[in-house]
Amino acid sequence: MTTVIAETATRGLVEIHNVHKSYGGVEVLSGIDLAVQPGEVVAILGPSGSGKSTLLRTINHLESVDRGSVTVDGQLIGYELRGGKLYELREREVLERRTQIGIVFQNFNLFPHLTALENVTEAPVALGRLSKDDARELALGLLDRVGLSDKAEHYPRQLSGGQQQRVAIARALALKPKVILFDEPTSALDPELVGEVLDVIRDLAQLGTTLIIVTHEVGFAREVADRVVFLDGGRVIEQGPPAEVLVAPKHPRVQDFLAKVLA
Amino acid sequence: MTDTLPRRPGAAEAATPPSAASSSRVDLGDLPVVHTKHWFRWSIGIVVLFVVAQFAWSLVTNENYEWDVFAHYFLSEPVLQGVGLTLLLTVVAASIGFFLGTLLALARLAKSPLLNSAAWLFIWFFRSVPLVVQIIVWYNLGYLYPTLGLGTPFTTDFWIVEFPTVQLISAFAAAILGLSLNQAAYSAEIIRGGLVSVDQGQLEAAAALGIPPRRRLTRIILPQAMRSIVPNATNEVIGLVKGASVVFVIALPEVFYAVQVIYNRNSRVIPLLLVAVVWYTIITTALSIAQYYIERHYARGTVRVLPPTPLQRARHWAGVQWARLGDSETGPAPLVGVDAPVVAKATFQGSSNDAKNSGGAGA
């Protein structure tokens, strides 16, 4: 079943089907269904504790799911479906599949002991995809794309928050992922640094990579996203084009939330 | 950034005439600073200096130190052999200890409950038994197991190879076994402590980037863990240098045993103990210097700019003195730590200004 879908699917189709996840008896995700088309830009909004980050982390299998499934181009990330059984994949295979999905964290998680350049070259070199020289060339190109070619030799601590997050984006791009996940990429930033990071994400949105962005920046979501998905209590309670969901929400919880955020 | 760069000495004075000091727009960088006098600090300093001087004086004048005896034995053959053995025991036991310790730490952090509890038991046992007792037991293992070898499991009647234990475990082997297993137990906890101190997000980021587990450990987690491992590990190694002296119980002639043999013969206890003390001090000093540079290596990226090493500092100071002597127009290059792009110039502005001022005063 998986192979058939994988052959027909285009790059970067994410299908989330009836996903449940609990932590110590508390259900964080209670049956999420969501399909993200290749090249689509989806913004996930919702109050804290609504399961946004958890949902994002199930997509690249940083969290496993209790029920349901998450597939990227028809492929499960942590398992292989054969003859009606789920076979847990070896770590190497999980890692290989995971590289199709980049993630940008809220608090950057750059490697502090490596320079900006080394942060970007690390994964392609570690996976044996590129020689050191080729990785360096690629990384310099990516740093240039996020406007940081002059900071290549700097350590993360010598960079501002916005610059660090842009390095983190370049690092995620180095593996040429089909899907990039953003976990509140601007929440840890000073207000005046938010813009430079959003600019980079806006550029990515033009290029046809599937982007799933958990964010609190309602204005940005309206501008960049093809679709806004609103999560509450571990469920999708409303979704649609930003012009509808963000302007004339139907669900009272969404109306409430937007009233507070935009106030 | 441009206005924080060190300026050429003459230029600054010319640009700001002395009268500028009285105006409301003062450029602090161009004025001499009169430092606060710390009277209390000075008086305590003088007391300490007096005590140290008194002690140093007694070292020279008190004949009971018998420095001639000290000098006679300091580089004598048995002492040097003892130092050699101490170093050998330290190096071998530390290497085996830290290697085993790393494995134990990883086992303690592994997901397998079996590995987990096995490692916990090992650490628990070897931290419980005093080192001296361990060494004596290893040395006398023959009483427990007269022969060691390979044969059918759980039987004692069929052997493929078999050796008498007494032959297999010499005094040296017993010392190495005791020291390194003991060391492994302690270093396991130090290494585990270092590994868990690294932010979980680092592991997550590495996993999300598809970096394979072994490289995740060696390239991402360990280098960051080393920051907290190195000081404790050096403590352990220094402890081991001196801990190795307990092997005198099985008559291994390391440095402490060597001086004991000599003073038991000639009764010059103090000068011979001093021989051992000075040797231990020398080894510890070397290790402390190594620690400084290893820590510095792993501090990459943790501070914006690494402070200069004592050597760099000394060179800079010498440069300043030289510039003062030679009445040179251009001061020495600003003191800059390694790994310091751009930002360093701003940070060391102070020192380059000092150089400038002293150069200017001479002119």
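The legends below describe close-up views of a predicted model. Local features need pLDDT of at least 70 and side-chain atom pairs count only at pLDDT 80 or more, while totals for chains, interfaces and linings use all residues. Residues are numbered from 1 along each chain as its sequence is written, and chains are lettered from A in the order in which they are written.

**View 1. The largest nonpolar core.** This core has 138 residues, and A:Ile44, A:Leu143 and A:Ile212 have the most contacts inside it. A nonpolar core is a set of buried Ala, Val, Leu, Ile, Met, Phe, Trp, Tyr and Cys residues joined through C-beta atoms within 7 Å; buried means that 20 or more other C-beta atoms lie within 10 Å of a residue's own, with C-beta atoms placed from the backbone.

**View 2. Surroundings of A:Leu143.** Leaving aside residues up to four places away in sequence, A:Leu143 touches A:Ala116, A:Leu117, A:Val120, A:Leu148, A:Ser149, A:Ala152 and A:Ala170. Contact here means C-beta atoms, placed from the backbone, within 7 Å.

**View 3. An open sheet in chain A.** Pairing requires at least two DSSP bridges between two strands. Strands E2 (26-36) and E5 (75-76) are the edges, each pairing on one side only. E1 (residues 14-23) joins E2(A) over 8 bridges, and A:Val14 has A:Val36 as its bridge partner in E2(A).

**View 4. The hairpin of E11(A) and E12(A).** E11 (residues 227-232) and E12 (residues 235-240) of chain A pair in the antiparallel sense over 5 bridges. A:Leu231 is bridged to A:Val236 of E12(A). The turn has 2 residues between the strands, and A:Gly233 in it has a positive phi of about 55°.

Terms used: A residue is buried if 20 or more other C-beta atoms lie within 10 Å of its own, exposed if 12 or fewer, and partly exposed in between; C-beta atoms are placed from the backbone. Two residues are in contact if their C-beta atoms, placed from the backbone, lie within 7 Å. Helices (H or I, at least four residues) and strands (E, at least two) are DSSP runs, numbered from the N terminus.
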